[in-house]
Amino acid sequence: MCEMNRPERLNALNMDLVGDLHEFLDSMMMDELATVVLLCGNGRGFCAGADLKANAGMDGSDAQWDSRVHANQARFSSLISKMRAIPQPIVCAVQGAAAGGGMCLALASDIRIAS
């Protein structure tokens, strides 16, 4: 089971959480005993998408800002590809909000159950 655990931010995706999801999926790629993956979010929302406050106050030129946003988007996009590549089916339990990147996580799963 993979539970996003940032309930105070509605499990909004920051780079730490995206990294944790990558690590989890890497471990599933090698796990021959796991037959299914359950993806869920802790708290009242599944995932509110990108954590916009995580980048608030970052200094730099527009070019540096664009470069960071592009790198973050590439890291997230590769997460979706990795979800599709693991051998186990992914069941996504969507409770509450699934916006932006959260909707992408839900749609990249094999089965979605929403409440």
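Tutor: Helices (H or I, at least four residues) and strands (E, at least two) are DSSP runs, numbered from the N terminus. By that rule Asn11 is found in the loop between E1 and H1. This is a predicted model, in which local features need pLDDT of at least 70 and side-chain atom pairs count only at pLDDT 80 or more, whereas totals for chains, interfaces and linings use all residues. Residues are numbered from 1 along each chain as its sequence is written, and side-chain values use heavy atoms, with hydrogens and water left out.

Student: Why is Asn11 called buried?

Tutor: Buried means under 20% relative accessible area, exposed over 50%, and partly exposed in between (1.4 Å probe, protein chains only). Asn11 has 0% relative accessibility, and therefore counts as buried.

Student: Why is Leu10 called partly exposed?

Tutor: Leu10 has a relative accessible area of 23%, so it is partly exposed. Leu10 lies in the loop between strand E1 (2-4) and helix H1 (15-30). Leu10 has a positive phi of about 55° although it is not a glycine, and Asn11, also not a glycine, has a positive phi of about 60°.

Student: What makes Met83 buried, and which residues does Met83 touch?

Tutor: The relative accessible area of Met83 is 3%, and so Met83 is buried. Met83 is found in helix H2 (residues 62-85). With contact meaning heavy atoms within 4.5 Å, and not counting residues up to four places away in sequence, Met83 touches Leu25, Leu39, Ile90, Leu105, Ala108 and Ser109.

Student: What makes a set of residues a nonpolar core, and how many residues has the largest one?

Tutor: A nonpolar core is a set of buried Ala, Val, Leu, Ile, Met, Phe, Trp, Tyr and Cys residues joined through side-chain atoms within 4.5 Å. The largest has 25 residues, and those with the most contacts inside it are Met4, Leu13, Leu21, Leu39, Phe46, Met83 and Leu105. The largest share of this core, six residues, comes from H1. In soluble globular proteins, nonpolar side chains tend to be buried together.

Student: How do you know that the radius of gyration of the protein chain agrees with that of a compact globule?

Tutor: The radius of gyration is taken over C-alpha atoms, and the globule rule is 2.2 Å times the number of residues to the power 0.38. With 115 residues, the rule gives a value near 13 Å, and the protein chain has 14 Å, so the two agree.
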